[in-house]
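Subject: A structure for you to look at

Hi,

Here is the structure I promised to hand over. Have a look at it first, and then read on for what turned up.

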Amino acid sequence: MKILHVINRCKIGDGAAKLLLDIAKRQIKEGYTVEVLALSNSHPSYKDDFVQAGCGFKYLLSDKSCIKNPKLITLLGKVIQGYDIVHTHLFPTFYWVALAKKIYGGNYKLIHTEHAPKNNRQKWWLRFIERYIYKEYDAIVAISEAVKNRMELHLGSSFNIKIVENGIDVSEYVKACPSSRLDLKIPEDAIILTQAARFSPEKDQRTVVKSLLRLPLNYHVIFLGGGELMNDVKTYAVRLTVDDRVHFLGIRDDLPSIFKMSDIIIMSSNFEGFGLAAVEGMAAMKPVIASNIPGLAHIVDGAGVLFKLHDDKDLANKVKSLIEDKQYYNDVSYKCYMRAERYDICNTVHGYSEIYKSVL
């Protein structure tokens, strides 16, 4: 089977791009011919990782701002022929691919994975366009029950939306060696709380920063990722006079090692379709604390710890409960690891394989 995955870009640090890398690696191991097409180039990019795994990789445009340019329809119409499956990820990629097939035709089957529970397209006056686009797909996949429910609310019940939950290469996190605190300029005796997420309104890093006011001075926070609100969060940390305990490490490709070095992994999101970083933290055998919202609660509840959304006091109390009770800490860490195994990438790839076979 020859598969082409199409995505906006493959920038290091983007959750969907990292997920696609893990999927492609596993699909190649299972004997599929896999290629990836990005609408635009990005820096830093997972390109070398895809190529090293034996996956063909190319991009259409060098300017990232061009992903909303309709001329992509023509470019896509020329390059997505000759595959058995064309599998799209994210907006506007799945719009352009659907229109390319409508105009230029092709014998391939179209699959789309919806990654987000909320987006700016979920407005009543866009439903007609959305339904028109989605009808071009032979299968629509949601990454969680929360995403499926939101899509059905937006599109109506006439669409048969399947669920394939996200996964990670659990072994990558189990085998990782901890990063050096000295290299990262973090005190050796610090209690490290780590969050890996882009700096955007839905990730709510401010609540994590504010929780430091309720924690002893040896508690530090590491933020991994980039985004438009990074400077805002930095300013907020300065205003609360906790900036000496907040470390902004940016976009990195050694996340498993940093998770291994950390004491607790935190996700403070306002909403999540799935919450891949929570699974990654669990796979690193660390306790995960997450905001009690649908996408995250499904993954974390019964293994990790949930706190009230936007409640820095509750978050701080949950953190202290784990650190001050070693047996509780170890119990939660073990449960988290056992939960992570449920989300191994093998299960994700198997779910997609079943869908591919059914549409072919």
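**Aromatic pairs**

F274 is buried, and so is Y343, where buried means under 20% relative accessible area, with exposed over 50% and partly exposed in between (1.4 Å probe, protein chains only). Before I go on, a word on the source: this is a predicted model, in which local features need pLDDT of at least 70, side-chain atom pairs count only at pLDDT 80 or more, and totals for chains, interfaces and linings use all residues. Residues are numbered from 1 along each chain as its sequence is written, and side-chain values use heavy atoms, leaving out hydrogens and water.

Searching the whole structure gives 12 aromatic pairs. Rings of Phe, Tyr and Trp (its six-membered ring) pair if their centres lie within 6.5 Å; planes under 30 degrees apart are stacked, over 60 edge-to-face, and the rest tilted. Y134 and F159 are edge-to-face, because their ring centres are 6.3 Å apart and their planes sit at 70 degrees. This pair links distant parts of the chain, 25 residues apart: Y134 is in helix α5 (residues 127–134), and F159 is in the loop between α6 (145–155) and β7 (161–163). Helices (H or I, at least four residues) and strands (E, at least two) are DSSP runs, numbered from the N terminus. Y134 is buried at 2% relative accessible area, and F159 is buried too, at 11%.

Back to F274 and Y343: their ring centres are 5.4 Å apart with the planes at 85 degrees, so this pair is edge-to-face. F274 lies in the loop between β11 (264–267) and α11 (276–283), and Y343 in the loop between α14 (326–342) and α15 (345–359), so the pair ties together parts 69 residues apart in sequence.

There is also one aromatic cluster, formed by F91, F94, Y95, Y134, Y137 and F159.

**The sheet**

Which order do the strands of the seven-stranded open sheet have? The order is β3-β2-β1-β4-β5-β6-β7, with parallel pairing; two strands pair if DSSP finds at least two bridges between them. The edge strands, each pairing on one side only, are β3 (56–61) and β7. Strand β4 (residues 85–89) runs parallel to β5 (residues 109–114) and is joined to it by five bridges, with H89 opposite T113 in β5. Between β5 and β6 there are four bridges, again parallel, and I111 stands opposite A139 in β6. β6 and β7 pair in the parallel sense over three bridges, and A142 has I163 in β7 as its bridge partner. On β6, A139 and V141 point one way while I140 and A142 point the other, and all are buried.

**The core**

A nonpolar core is a set of buried Ala, Val, Leu, Ile, Met, Phe, Trp, Tyr and Cys residues joined through side-chain atoms within 4.5 Å. The largest one has 128 residues, and those with the most contacts inside it are F50, L76, I80, V86, I289 and V319. Helix α1 (residues 15–29) gives the largest share of this core, seven residues. If you skip the neighbours within four places in sequence, V319 is in contact (heavy atoms within 4.5 Å) with L193, L215, Y219, I264, I266 and I289.

Cheers
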